[in-house]
Structure formats: C-alpha cells, structure tokens
Amino acid sequence: MKKLILLPILLLSLTFFARAQVLRVATTPTAIASQIPGYTQVNTINVKTISYTPSTPTTPPTPVDEDSTTEDIKVYDYADVITANITTADGNITSTSLGKVWTLKISIPNALNIGLLFDQFNLSASAEMYIYDGNETVLDSAIKKSHFTSSSAVGISPIKGNSVVVYIIELNNFGTFLSTVSIQKVEAGY
C-alpha cells in the first residue's frame, strides 16, 4: 500500500525536479508513421513480457459520521509497482536512413495501463525518444535528455493498454548506438 502511495508522488516529483513536460497526443496507426522519424523503416521490435497478476485493491471502509477512522482519505490505488530489469540490451537496433533506432515493446498481460520509471536515462545529444501504446493511439513524443536537466531518473505516466513501445532514434548517427536506458520499475494498472 505504501509503495502505491509513494510511486505517484515519486513520479510527480521527478517530473517537477526534472523541469520537463512530455507531450502526449492522440494518434492513429496511420498518422503515427509521420509523427515518428524512421518509423516505417523499423521492421523488427523485440518484446519483453512481464508476468503480472493484478492485486485486489482494498475496499475502503464505509464512512460513519464523526468517526475519523472511516473517513475517505482521498488516496486511490490504481496500479501495482513491479520490479523489472529492462536495459538497452533487451531492445533491437535498426539502421534507418535517418540514423540508428532502438526499439522495445514492453508487454504486461492483465494490466490496464503501463507507467515507466527509468533509473538510467542517458540519451545521446541527437537522440529523441518516443513512447506509444500497443494500439498506436497514444504517443509521448520527442523526449530529449536536455529536457531533464536535474535528474538521471525519468518517470513516464501511465499509458492505457497492456503494452507500450519505447522508440529511440539517434538522428544522423550511422555508427554505434550511443544511448543507454534502464527501467527498473514499471506500474501495472488494475
């Protein structure tokens, strides 16, 4: 229970201290190709599946007049925090005409939404990260390391669905992929 309360606070504080805002937009499977550089040239995406059985949230007590122990404290559980060991090595690197692309699909069967907490977020100077849902209808776009000046940890708020794709393109890099990321915690919504 304490972990569920602390994670939203942690994600909000990371966003506050990082002084960045991720642009989340609605999209379509057709439109996403024009929103993500090199998207149409990536044919293979590795999948990392995390097994998950949703928790049963505790039912709040029925309020009783003038009994402070049964008052609603306005804390809502919505997800389980799962330890994950996801690194750059889990993804797939593709050479495109625009540069190197790293992709990874994170699948959590039974989850209603997925949030990510990057404990390592070392994008190269030319890198842009895009995160989209498995249905290609929600897109967090053009995330850059320069947007996060005060923290090496970055939190991405939950995206609806039981899978998300992390897509990093290093524009004009035709050599070795330089960026490294690590996700040690994911939120699985129930």
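Q: What does buried mean for a residue in this predicted model?

A: Buried means under 20% relative accessible area. In this predicted model, both Tyr-130 and Tyr-167 are buried.

Q: Is Ser-182 buried or exposed, and where is Ser-182 found?

A: Ser-182 counts as buried because its relative accessibility is 6%. The residue is found in strand S11, which covers residues 180–189.

Q: Which residues does Ser-182 touch, not counting those up to four places away in sequence?

A: Ser-182 touches Ile-86, Thr-87, Leu-117, Phe-118, Asp-119 and Gln-120. Separately, the side chains of Ser-182 and Gln-184 are joined by a polar contact of 2.9 Å.

Q: What describes a pair of aromatic rings?

A: Two things are given: the distance of the centres and the angle of the planes. Rings pair if their centres lie within 6.5 Å, and planes over 60 degrees apart count as edge-to-face. By this rule there are 4 aromatic pairs here. In one of them, the ring centres of Phe-118 and Phe-121 are 5.7 Å apart and the planes are at 70°, so this pair is edge-to-face. Phe-118 is buried, at 0% relative accessible area, and Phe-121 also counts as buried, at 0% relative accessibility.

Q: How do Tyr-130 and Tyr-167 pair?

A: Tyr-130 and Tyr-167 form an edge-to-face pair, with 6.2 Å from centre to centre and 80° between the planes. This pair links distant parts of the chain, 37 residues apart: Tyr-130 lies in strand S7 (residues 127–133) and Tyr-167 in strand S10 (residues 163–171).

Q: Which residues do ring pairs link into a cluster?

A: The cluster consists of Phe-118, Phe-121 and Phe-148, linked by ring pairs.

Conventions: Residues are numbered from 1 along each chain as its sequence is written. Side-chain values use heavy atoms; hydrogens and water are left out. Helices (H or I, at least four residues) and strands (E, at least two) are DSSP runs, numbered from the N terminus. Buried means under 20% relative accessible area, exposed over 50%, partly exposed in between (1.4 Å probe, protein chains only). A polar contact is a pair of N or O atoms within 3.5 Å; within protein, one must be able to donate a hydrogen and the other to accept it, and residues adjacent in sequence count only if both atoms are side-chain atoms. Contact means heavy atoms within 4.5 Å. Rings of Phe, Tyr and Trp (its six-membered ring) pair if their centres lie within 6.5 Å; planes under 30 degrees apart count as stacked, over 60 as edge-to-face and the rest as tilted.
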